[in-house]
Amino acid sequence: MEMLNERRRTVASDAAELAVFEFGPEPGPDVPTLLLVHGYPDDHRVFLPAIRELATTHHVVAYDTRNAGASAVHGPGGDYSLTALVDDVFAVLAESGAEAVNLVGHDWGSIQGWAAVQDPRAAGRISCYTSISGPDLGHFSRWIRRRVRNPRAWPELAGQLLRSWYVGAFLVPVLPEAAWRLFLTRRYERTAKRDVGNDPVRGLALYRSNFRGPRKPAAPVRVTVPVQVVVPLKDPFLAPGLVEGLEAWVDDVTVTRVDGGHWWPATRPAEFAALLRQPGATP
């Protein structure tokens, strides 16, 4: 297998030191830049199989989010709020050397991406966005509320709530840490075929910082950049119907359904890379 030419740097952001990795040629007029943001319980390595495909034609930037991999947060507790995570996205983007990027997010990286494209700093910096298996949190909450009010939609609502059981479980003190350390980490590593170290435990802060207590969803900010939402049809955590209603606040949205599970970018890297190479999928 061809070795990747990896270039590593550290980017400071809000009391965090982010490990950033670059691949492929330097950005330029004929070299588009992809900024890849991973999810939980992964680090940037979840994208390496696809990066091997993409780095021949693209400048690829990936980083370990503040809860994972070689990145670190300074001070007691640490800030893992969505606001801090989005600040991290723009801190990495500012150091990318590219005028504009195609932002690509998976799982929690996709949640961050949705918030990033609604941020005023996205203007002129994010050319397009690819979301995989991670909804906008406000949209998710509004989707749930609409179905609560419509008895005909209760079966669909019940299906998604069952898929989301783990969110409540991760908010329980102590037990999730014990489960990951005792057996879940080994099970995940066998499936993913890579070590994840303490990332599953570190990443519980994402849920505890962003899902505690009832919250009224903020009004959506209109998204004007093109958005492609990839829906793996075998995703055990997210119902395909969650894309309903996106067109109300996203000007240019394309939904692409793929035959795969939640970790489709890692299990089908050639298909993932081919999708990102399609016309209109890069700046």
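**A tryptophan and its surroundings**

Reply: Trp263 lies in the loop between β9 and α10; helices (H or I, at least four residues) and strands (E, at least two) are DSSP runs numbered from the N terminus. The model is predicted, so local features need pLDDT of at least 70 and side-chain atom pairs count only at pLDDT 80 or more, while totals for chains, interfaces and linings use all residues. Residues are numbered from 1 along each chain as its sequence is written, and side-chain values use heavy atoms, with hydrogens and water left out.

Trp263 has a relative accessibility of 24% and counts as partly exposed (buried is under 20% relative accessible area, exposed over 50%, partly exposed in between, with a 1.4 Å probe and protein chains only). Leaving aside residues up to four places away in sequence, Trp263 touches Tyr40, Pro41, Asp42, Val46, His106, Tyr188 and Phe237, where contact means heavy atoms within 4.5 Å. The C-alpha atom of Trp263 is also 8.9 Å from that of Ala192, although 71 residues separate the two along the chain.

Two of these partners, Tyr40 and Pro41, are joined by a cis peptide bond with omega at about 0 degrees. Pro41 lies in the loop between β3 and α1. Tyr40 counts as buried, at 5% relative accessibility.

Next come the rings. A pair of aromatic rings is described by the distance of the centres and the angle of the planes. Rings of Phe, Tyr and Trp (its six-membered ring) pair if their centres lie within 6.5 Å; planes under 30 degrees apart count as stacked, over 60 as edge-to-face and the rest as tilted. This rule gives 17 aromatic pairs. One of them is the edge-to-face pair of Tyr40 and Trp180, with 6.1 Å between the centres and 90 degrees between the planes. Tyr40 is in the loop between β3 (33-37) and α1 (48-54) and Trp180 in helix α7 (residues 175-192), so the pair links distant parts of the chain, 140 residues apart. Trp180 is buried, with a relative accessible area of 8%.

Trp263 itself pairs with Phe237: the ring centres are 6.1 Å apart and the planes stand at 90 degrees, so this pair is edge-to-face. Phe237 sits in the loop between β8 (227-232) and β9 (253-258), and Trp263 in the loop between β9 and α10 (264-267), so the pair ties together parts 26 residues apart in sequence. Phe237 is partly exposed, at 22% relative accessible area. Ring pairs gather Tyr40, Trp108, Trp165, Tyr166, Phe170, Trp180, Tyr188, Tyr207, Phe211, Phe237 and Trp263 into a cluster.

Two packed helices are described by the angle between their axes and the distance between the axes. The axes of helix α2 (residues 82-94) and helix α3 (residues 108-117) come within 9 Å and cross at roughly 80 degrees; axes are lines fitted to C-alpha atoms, for helices over the stretch in contact, and angles run from 0 to 180 degrees between N-to-C directions. α2 is therefore roughly perpendicular to α3 (angles under 35 degrees count as roughly parallel, over 145 as roughly antiparallel, 65 to 115 as roughly perpendicular and the rest as oblique). From α2, Leu82, Leu85, Val86, Val89 and Phe90 make the contact, and from α3, Trp108, Ile111, Gln112, Ala115 and Ala116. These residues divide into 9 nonpolar, 1 polar and no charged, with Ala, Val, Leu, Ile, Met, Phe, Trp, Tyr, Cys and Pro counted as nonpolar, Asp, Glu, Lys and Arg as charged, and the others, Gly among them, as polar.

Leu85, in helix α2, is buried with a relative accessible area of 0%. Residues up to four places away in sequence aside, Leu85 touches Tyr63, Arg66, Tyr80, Trp108, Gln112 and Leu206.

Ser13 falls within strand β1 (residues 7-13), which 7 bridges join to the antiparallel strand β2 (residues 16-23); two strands pair if DSSP finds at least two bridges between them. Arg8 stands opposite Phe21 in β2. The hairpin has 2 residues between its strands. Asp14, in the loop between β1 and β2, has a positive phi of about 45 degrees although it is not a glycine. Ala15, in the loop between β1 and β2, is not a glycine but has a positive phi of about 65 degrees. Asp14 is partly exposed at 43% relative accessibility, and Ala15 is partly exposed at 46%.
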